[in-house]
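Hi,

Here is the structure I said I would pass on.

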Amino acid sequence: MNHIELRDLDDDDLDAIFEMMRDPEGVAMAAFTADDPDNRGAFEAWIARERSSGDVLYQVVTENGGFAGTAAVFTVDGDREVSIWIARHAWSRGVATAALRLLVSREPVRPLFARAAAHNAGSIAVLQHAGFTEVSRNVAYAPGIGRETEEIVFVLLPALDGV
């Protein structure tokens, strides 16, 4: 059985995160990525902004103690949003689902939003397993695939019991 945890990011994680976020298959699945995933300078500037923002919770996902991806909560246009990126070596084993459940349990704000490219069946399934439901779709340019594609917006509403 895999043991999934979230922990704070440290400097030793940066190489693994950079490599994960430039993996061609992962970039194609995520679609809405950095303009140039191979640009280490742009990555370093972006991760520095994420780490210094008091509004961002950026965590490392571990599987049995080893690096398996990242999980984040941040604000976009006043809405709290989650994002999970799992390294390809950890796909299809429930890591994303477990990590998202842990992340959601640490974020008290509801509604909570998430986005996924419409072709990313794995991410869509993970969001649905965690209780997120589709609220809208839009088409935008996706640097990860070099063309416009459909993006689905999901929401996790407050529970009826207030939890």
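Phenylalanine 43 is buried, because its relative accessible area is 7%, under the 20% cut-off. Keep in mind that this is a predicted model.

Phenylalanine 43 also turns up in the ring contacts. There are three aromatic pairs by the count. In one of them, phenylalanine 18 and phenylalanine 43 have ring centres 5.2 Å apart and planes at 55°, so they make a tilted pair. That pair ties together distant parts of the chain: phenylalanine 18 sits in helix H1 and phenylalanine 43 in helix H3, 25 residues apart. Phenylalanine 18 is buried too, with 6% relative accessibility.

Phenylalanine 43 has another tilted partner in tryptophan 46, at 6.2 Å between centres and 40° between planes. Both of these are in helix H3, three residues apart, or about one turn of the helix. Tryptophan 46, though, is partly exposed at 25% relative accessibility. Put together, ring pairs join Phe18, Phe43, Trp46 and Tyr58 into a cluster. Arginine 40 lies over the face of phenylalanine 18, 4.8 Å from the ring centre.

The largest pocket comes out at about 1,400 Å³. It has 45 lining residues, and the closest to its centre are Ala30, Phe32, Ser83, Ile84 and Trp85. Helix H3 is among the elements that give two or more residues to this lining, but strand E4 gives the most, with six. Sorted by class, the lining has 28 nonpolar, 11 polar and six charged residues.

Cheers

Conventions. Residues are numbered from 1 along each chain as its sequence is written. This is a predicted model: local features need pLDDT of at least 70, side-chain atom pairs count only at pLDDT 80 or more; totals for chains, interfaces and linings use all residues. Side-chain values use heavy atoms; hydrogens and water are left out. On a 1 Å grid over the protein atoms alone, a cavity is a set of points where a 1.4 Å probe fits but cannot get out, and a pocket is an open set with protein on both sides within 12 Å along at least five of seven lines; lining residues have an atom within 4 Å of a point. Grid points are joined across faces, edges and corners, and a volume is the space filled by probe spheres set on the points. Helices (H or I, at least four residues) and strands (E, at least two) are DSSP runs, numbered from the N terminus. Ala, Val, Leu, Ile, Met, Phe, Trp, Tyr, Cys and Pro count as nonpolar, Asp, Glu, Lys and Arg as charged, and the others, Gly among them, as polar. Rings of Phe, Tyr and Trp (its six-membered ring) pair if their centres lie within 6.5 Å; planes under 30 degrees apart count as stacked, over 60 as edge-to-face and the rest as tilted. Buried means under 20% relative accessible area, exposed over 50%, partly exposed in between (1.4 Å probe, protein chains only). A charge sits over a ring if NZ of Lys or CZ of Arg is within 6 Å of the ring centre and within 35 degrees of the ring normal.
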